[in-house]
Amino acid sequence: MSYIEPKEFAAKMVDAGEQKIFMSTKDTFVRAFMAGAILGLAAFFAITVIVKTGSLLTGSLLFPVGFIMLYLMKFDLLTGVFTLVPLAVLDKRNGCTVDQMLRNWGLVFVGNFAGALTVAFFASFILTYGYNTDGGVLAAKVSSIGESRTLGYQEHGFAGWMTIFIRGMLCNWMVSMGVVGAMISTSASGKMMAMWMPVMLFFFMGFEHSIVNMFLFPFSMIMGGEFTVMDYLVWNEIPTALGNLVGGFALVGLPLYLTHVKESPVRKRKQAEARREKLA
């Protein structure tokens with residue numbers, strides 16, 4: 001694949017963050033809606049594969065297809081803008097302010113949620129023939145996932161909440177590596193290869209992704225999961241989104257920015273040698 005040096009694609013990350021801040025409200029919402037919908041569909045597909053094959057690994061291997069599709073279409077996930085948009089503010093690009101960053105995040109959040117919720121409705125409708133059957137094994141599986149990943153965490157109190165937060169952080173560490181990894185290549189095949197591994201890893205490890213969960217938990221509730229909207233928000237969505245924010249920015253965007261965009265001058269060899277001789 002055509003390789004781009006980290007210093008070059010790190011600068012592209014800042015440009016991408018700036019471009020997203022100044023994107024129109026209509027385009028921001030449409031791209032976020034489609035990203036949430038496609039990722040929800042990918043999650044529905046992966047869960048179906050897992051239920052039918054009994055293999056988590058097979059479902060995890062196939063799940064990245066959805067992520068790759070939405071990336072190649074230049075649709076936006078909240079997890080991606082968590083990583084890229086703050087860099088434009090940090091770089092003090094003209095007009096890139098904290099208020100503009102929060103505006104972008106808010107629009108992408110609403111768009112992702114609307115797209116994921118739409119697919120949750122479609123999936124539940126076709127699974128139950130318009131809510132005339134119980135949905136079978138797949139519905140039971142989805143219901144149990146929703147309950148275990150809300151009430152299951154709640155049983156452990158603050159430790160459970162922190163567990164979700166850290167799972168969210170680890171998740172977006174991997175997902176954002178997929179986002180910026182795709183910038184390493186100029187070919188479609190190279191971008192796909194760069195995205196596949198980290199996205200597969202997060203799904204297989206059961207890390208928490210705020211956009212996948214925007215589909216999974218409403219779907220689970222419709223399918224009979226016995227937990228409330230507040231359970232979902234407090235014991236999953238909020239700590240997951242916060243963890244995604246920290247993981248994407250602090251573990252991916254910021255380190256790349258600090259060492260490739262704001263790279264410090266190299267140390268002078270003679271000074272280093274003199275210091276070493278002095279210490280000897």
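1. Glu 155 counts as exposed, because its relative accessibility is 68% and the cut-off for that class is over 50%. Glu 155 sits in the loop that joins helix H8 (151-154) to H9. Its C-alpha atom is 10.0 Å from that of Trp 235, although the two residues are 80 positions apart along the chain. The model is a predicted one, and the points below should be read with that in mind.

2. The UniProt entry, which is unreviewed, carries the annotation "transmembrane region" for residues 29-51, 63-90, 102-127, 158-184, 196-221 and 241-259. Two of these spans can be described further. Residues 63-90 are 79% helix and 0% strand, with 33 Å between the C-alpha atoms at the two ends. Residues 241-259 are 100% helix and 0% strand, and here the end C-alpha atoms lie 26 Å apart.

3. Helix H5 covers residues 78-90, and its length agrees with expectation: at 1.5 Å a residue its 13 residues should span 18 Å, and the end C-alpha atoms are 18 Å apart.

4. How much of H5 is buried? Twelve of its 13 residues are, so H5 is largely enclosed by the rest of the structure. The buried residues are Leu 78, Thr 79, Gly 80, Val 81, Phe 82, Thr 83, Leu 84, Val 85, Pro 86, Leu 87, Ala 88 and Val 89. They pack against helix H1 (6-21), helix H6 (98-127), helix H9 (157-181), helix H11 (210-222) and helix H12 (229-261).

5. Backbone angles on either side of H5 deserve a remark. Most residues other than glycine have a negative phi. Lys 74 is not a glycine, yet has a positive phi of about 60°. Lys 74 lies in the loop between helix H4 (64-72) and H5. Lys 74 is exposed, because its relative accessible area is 60%, over the 50% cut-off. Just after H5, Lys 92 also takes a positive phi of about 60°.

6. Tyr 131 is another case: it is not a glycine, and its phi is positive at about 65°. Tyr 131 is found in the loop between H6 and H7. With a relative accessible area of 39%, Tyr 131 is partly exposed.

7. Two of the helices that H5 packs against, H6 and H11, also meet each other. Their axes come within 8 Å and cross at roughly 35°, and the crossing is right-handed. On the H6 side the residues in contact are Phe 109, Asn 112, Phe 113, Ala 116, Leu 117, Val 119, Ala 120, Ala 123, Ser 124 and Leu 127. On the H11 side they are Ile 211, Met 214, Phe 215, Pro 218, Phe 219 and Ile 222. By type, the residues of this contact comprise 14 nonpolar, two polar and no charged.

8. Ser 144 belongs to helix H7 (residues 136-148). Is Ser 144 exposed, partly exposed or buried? Its relative accessibility is 34%, so Ser 144 counts as partly exposed. From Ser 144 to Gln 271 the C-alpha to C-alpha distance is 63 Å, with a sequence separation of 127 residues.

Methods. Residues are numbered from 1 along each chain as its sequence is written. This is a predicted model: local features need pLDDT of at least 70, side-chain atom pairs count only at pLDDT 80 or more; totals for chains, interfaces and linings use all residues. Side-chain values use heavy atoms; hydrogens and water are left out. Helices (H or I, at least four residues) and strands (E, at least two) are DSSP runs, numbered from the N terminus. Buried means under 20% relative accessible area, exposed over 50%, partly exposed in between (1.4 Å probe, protein chains only). UniProt positions are given in the numbering used here, feature names are shortened, and annotations may be inferred rather than shown by experiment. The expected span of a helix is 1.5 Å times one less than its number of residues. Contact means heavy atoms within 4.5 Å. Axes are lines fitted to C-alpha atoms, for helices over the stretch in contact, and angles run from 0 to 180 degrees between N-to-C directions. A crossing is left-handed if the near helix is turned anticlockwise from the far one by less than a right angle, and right-handed if clockwise. Ala, Val, Leu, Ile, Met, Phe, Trp, Tyr, Cys and Pro count as nonpolar, Asp, Glu, Lys and Arg as charged, and the others, Gly among them, as polar.
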